[in-house]
Amino acid sequence: MHSSKTIDESSGLAKKPEIITFYNATKAKQLMDEQLQYRATILSLPKNIKTRLNIYGYKPTLQVGEQRVRASGRCQFCDRQRDRKTTKVCTNCAKLICRDHLVEVCPECFSEM
């Protein structure tokens with residue numbers, strides 16, 4: 001097959017070689033598999049793309065350590081007098097955190113925690 005220059009009849013007017021149609025049918029999906037699995041986890045993906053991914057067997061799953069989405073509210077660590085509103089949440093417990101209490105950590109330091 002690899003050395004053959006046989007034209008695949010199912011390619012119609014495009015007249016693609018069999019090797020190209022075989023590659024497109026098998027290997028291309030394998031190369032895209034990781035990307036498609038990741039796309040299925042994106043919550044804000046348009047509905048038509050979610051539907052397509054569902055058809056091809058990529059179900060959305062919440063991964064460990066993924067930030068949960070939560071509406072805005074009062075910071076859990078501020079006094080009630082300050083009444084700081086925020087949409088930021090802790091990646092572990094999903095508590096609301098304002099920018100004053102948010103601690104940014106690099107990936108190396110985070111892995112050491």
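**Close-up 1. Side-chain contacts of D8 with S10 and T21.** In this predicted model, the side chains of D8 and S10 are joined by a polar contact of 2.9 Å, and a further one of 2.8 Å runs from the side chain of D8 to that of T21; a polar contact is a pair of N or O atoms within 3.5 Å, where within protein one must be able to donate a hydrogen and the other to accept it, and residues adjacent in sequence count only if both atoms are side-chain atoms.

**Close-up 2. The salt bridges of D83.** A salt bridge, that is, a side-chain nitrogen of Lys or Arg within 4 Å of a carboxyl oxygen of Asp or Glu, joins R74 and D83 at 2.8 Å, N to O, and another joins K85 to D83, with the closest N and O atoms 3.1 Å apart. K85 is exposed (over 50%), with a relative accessible area of 54%.

**Close-up 3. The salt bridge between D100 and R82.** The side chains of D100 and R82 meet at 2.8 Å, N to O. This pair links distant parts of the chain, 18 residues apart, with D100 in the loop between strand 2 (85–86) and helix 3 (107–112) and R82 in the loop between strand 1 (73–74) and strand 2; helices (H or I, at least four residues) and strands (E, at least two) are DSSP runs numbered from the N terminus.

Residues are numbered from 1 along each chain as its sequence is written. Local features need pLDDT of at least 70 and side-chain atom pairs count only at pLDDT 80 or more, while totals for chains, interfaces and linings use all residues, and side-chain values use heavy atoms, with hydrogens and water left out.

Note on methods:
Buried means under 20% relative accessible area, exposed over 50%, partly exposed in between (1.4 Å probe, protein chains only).
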